[in-house]
Amino acid sequence: MLYELNPTELAEVTGLSQDSQRDWRRRGFLEDMGQLQPNGRWLYSAADAVVVSIILWLLAKRLTTDINDAKNIAKVARPMVVFWIEPNNPADEWQAHYRRIPYVAAFGANSAGDAMQIETFSDVGNVFSLKLPAALVIDCRLLARDLNLKLAYLVEKNAQRRASLKTKTEGGHDA
């Protein structure tokens, strides 16, 4: 994974201030995100920026108040959101796969401390057919639309990198 965003750039892209980044890191919310550099500074990937953006979106919409639950939902939703932000590319098999699964549902946390179960669905009707007492259903197409302005640049760079890697893999050896 390519780590290319410093904390200032992460704050610009996501809206999570550097002070909040330090607080979240201290509290363990960024535990598996970013990479500590030899100089003691953190760098973040585009994937990390998408996850942080989704967390902040979930919290801002008050769809959850627990940062860990938001983070778990964000990690599942990330690939769908990324592939809905990218321009449509019929040749991209991964994009086609993830675009067939637009819904993320979180359910099952009945009391404080319970872990949510998070699943992906291609049809929102399938979620409601489970007859759950409560579920949070997120349409990743709408989430991608809300986050598009902030993340389009990073997602486009990531798509170009994937295309470049695919070309190198198919083309054989580099000159």
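This is a predicted model: local features need pLDDT of at least 70, side-chain atom pairs count only at pLDDT 80 or more; totals for chains, interfaces and linings use all residues.
Student: Which residues of helix 2 are buried?

Tutor: Buried means under 20% relative accessible area, exposed over 50%, and partly exposed in between (1.4 Å probe, protein chains only). Helices (H or I, at least four residues) and strands (E, at least two) are DSSP runs, numbered from the N terminus. In helix 2 (residues 18-27), Q21, W24 and R25 are buried. Viewed down the axis, the buried residues fall within an arc of 100 degrees (directions from the helix axis to the C-beta atoms), so they line one face of helix 2. D19 and R26, on the other side, are exposed.

Student: What do the buried residues of helix 2 pack against?

Tutor: Contact means heavy atoms within 4.5 Å. The partners are helix 1 (7-14), strand 3 (42-45), helix 3 (46-60) and helix 4 (67-85).

Student: Which residues have the most contacts inside the largest nonpolar core?

Tutor: Such a core is a set of buried Ala, Val, Leu, Ile, Met, Phe, Trp, Tyr and Cys residues joined through side-chain atoms within 4.5 Å. The largest has 39 residues, and I54, I55, I73, V81 and L151 have the most contacts inside it. Apart from it lies another core, of 5 residues, including Y103 and F107.

Student: Is S45 buried or exposed?

Tutor: S45, in strand 3, is buried, with a relative accessible area of 1%.

Technical notes: Residues are numbered from 1 along each chain as its sequence is written. Side-chain values use heavy atoms; hydrogens and water are left out.
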